[in-house]
Amino acid sequence: MNPVTVENLTVAYHRKPVLQEVGFEVPEGKLIGIIGPNGAGKSTLIKAVLGLIPIASGEVEIYGDHYKKQRKRVGYVPQRGTVDWDFPTNALDVVLMGRYGHIGWLKRPGKKDIDFARECLEKVGMLDFSDRQISQLSGGQQQRVFLARALAQDADVYFMDEPFVGVDAATEKAIIALLNELKARGKTVLVVHHDLQTVEEYFDWVMLLNLRKIAFGPTSEVFTMDNLQKTYGGRLTFLQDKNVLVDETK
Amino acid sequence: MLEELFYQLQNQNTQWVLLGTMLLGVSSGVLGSFALLRKQSLIGDAMAHAALPGVCMAFLLYGSKSLIWFLVGAAISGMIAAWLIQFIIQNSRIKEDSALGLVLSVSFGFGIVLLTFIQHNRGGNQSGLSDFIFGKAASMVGQDVQIITWIAAILLLITAVFFKEFKILTFDPQFAKGIGLPTTFFNGLLMVLIVCSVVIGLQTVGVILMAAMLITPAIAARYWTDKLGHMVVISGIIGGISGVVGTFLSTTTKGMATGPLIIVAVTSLFLISLIFAPKKGLVSIAIKRVKLRKRTSIEQLLLSFYDLTENAGGKYAAVSFSLDEIVNKRKVTSSLISKSLNELLKKRLVAIDREKKWKLTEKGLQLSYQLSLNQRLYEMYLMHEMELAQLQFSSREDVDIEKMPSDIKERLMSLLKDHHREPMLLPKSNNGLSRKEWLYQ
């Protein structure tokens, strides 16, 4: 059973399509990068799959069923900038929010949930910061708290929206280690990614997206000059080889 | 004054009114916390102003004064205003602030027109409607208080029951939706609760100032805590106290509207929080800043002392230098220099001789060595951050040679040697790296 199956997905904001007839099947146990220029619809794709925004047409299945029925098998890391980090709460509390879906509504988190949340913080190297007010954390640490929250969801397939943006070297390392650990445990991870230089190093599979799906497959087969040119058009400067790709939209 | 106070408190009617204003203060404080954190402060203001035409309409339809119908009318027109604001934002190019301003002033203007009409044509001033503009707690009768008490109790109960849901909805609505929270329902519920808490305050606080009653306790509470649960409780307490104090003052002073006095009370509590709250208050921040400046200048001076002594070579006891040399090494704010040097002298970390030359003492050498070592290790960390990422230092203070894993410690030490930054001047005894360890390297 494929973790994610998308058929003919079209999403439109104010009648202007932002994703057109995108279809793909995500294989199990892979790290998958979603790349494309700014405004290509990368975040939109994730949000549409998770049912966060209405879709104009098409079908999305998670493990062969409707997303609403498979919610507990899905973990989500939104972009860090989407929340107000001045909110009065600490790191452990944010991670506990990952348990809410399992706890059920109206009930309070129990000791088991708190212990599990602590474990998740430890996995991202943030246990020492569990009582820290979230506005006192650095950008990278906030990102790790978000990752820990996704871990607390104890899911089988994870969606991460730009986890590497604006983080320090330590966090980038920690995230990569975490992604590999998830993979080793048979989990599937889809990551919206910006940095073309690291695509080959980080991801097994890659999706090239620009309103439409340009290509999707194992990185070694799909991450080619030809496909990149199709995705980025004239906005990409090639310097000798793709090790020194420069995305001019940045 | 005191006698009158006791006399008033024994009056059963006063007791009722005080209970009512306390409860509405608590509920607006509690729900105001959510309104504030959801950045909906101004929506509360718009809804309060929009309540006026609702109250007038209710009077026109029902024909006489009745709090319950006034509340229904106010709630309906408040909701319409909230919906209208959303509608304008979504279907025009008008931004949120303009939409709020538009709806707020238009509906308040409409309310005033209706009010004038009623006063001239229907029973004149007997309607008591004008009390709704600035609020008059004394106009409450026993039945009004009962209604307000019940509504406030229900609002608080619902908030307590759905606290966890409201929390995640306020912090991260997208994530909440992702894990299956019916966000449309809870958004709507929270909005209704906020409208209700505004509406029950109208008679006491008045439409013009009600928004302040919603928001000010929450802002004040935010100064005292970093936990949502605590913030909500503190905000409720502040709201309750202000309600009671304001009402009491207005019943003892003839002809004073209640609303303004309640707002004066809550604003006083806010100012106290702003100035005196621990950690975030202005006083505490100022003290921290002064302390930090002082400590930084002392440490900078010690670092300079160490560098100068180290550069001179030979025994530390034989090296001394002038004030100019010290200041030229690292700039320290001139207003702080003499103070900091005195502090160092007092702690016997440095000494001064007859020719006004400064030098380190044995104790000063030990401390400045420690500081310099940490400073230089921190520099090495910054230069090789990618490789040493697991250390997560954010300042010199985080460097602790005792707690470091030994391989990292060795790596940092050899980096220091490579860059010729190892401290050359070692004190006889120290807590950091001993002479032996450096030789071993």
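Helix packing and cysteines

Modeller: H7(B) passes H10(B) in a left-handed crossing, meaning that the near helix is turned anticlockwise from the far one by less than a right angle. This is a predicted model, in which local features need pLDDT of at least 70 and side-chain atom pairs count only at pLDDT 80 or more, while totals for chains, interfaces and linings use all residues. Residues are numbered from 1 along each chain as its sequence is written, chains are lettered from A in the order in which they are written, and side-chain values use heavy atoms, without hydrogens and water.

Biologist: How are H7(B) and H10(B) oriented to each other?

Modeller: The axes of H7 (residues 142-161) and H10 (residues 183-205) of chain B come within 10 Å and cross at roughly 155°. Because angles over 145 degrees count as such, H7(B) and H10(B) are roughly antiparallel.

Biologist: At what angle do H14(B) and H17(B) pack?

Modeller: H14(B) and H17(B) are roughly perpendicular to each other, a term for angles of 65 to 115 degrees. Their axes lie 9 Å apart, and the angle is about 95°.

Biologist: How many disulfides are there over all chains?

Modeller: A disulfide is a pair of cysteine sulfur atoms within 2.5 Å. The sulfur of Cys196(B) is 19 Å from the closest cysteine sulfur, in Cys56(B), and so too far for a bond. Over all chains, the count comes to zero.

Biologist: Is Cys120(A) buried or exposed?

Modeller: Buried means under 20% relative accessible area, and exposed over 50%, with partly exposed in between (1.4 Å probe, protein chains only). Cys120(A) has a relative accessible area of 3%, and is therefore buried.

Terms used
Axes are lines fitted to C-alpha atoms, for helices over the stretch in contact, and angles run from 0 to 180 degrees between N-to-C directions. Helices (H or I, at least four residues) and strands (E, at least two) are DSSP runs, numbered from the N terminus. Angles under 35 degrees count as roughly parallel, over 145 as roughly antiparallel, 65 to 115 as roughly perpendicular and the rest as oblique.
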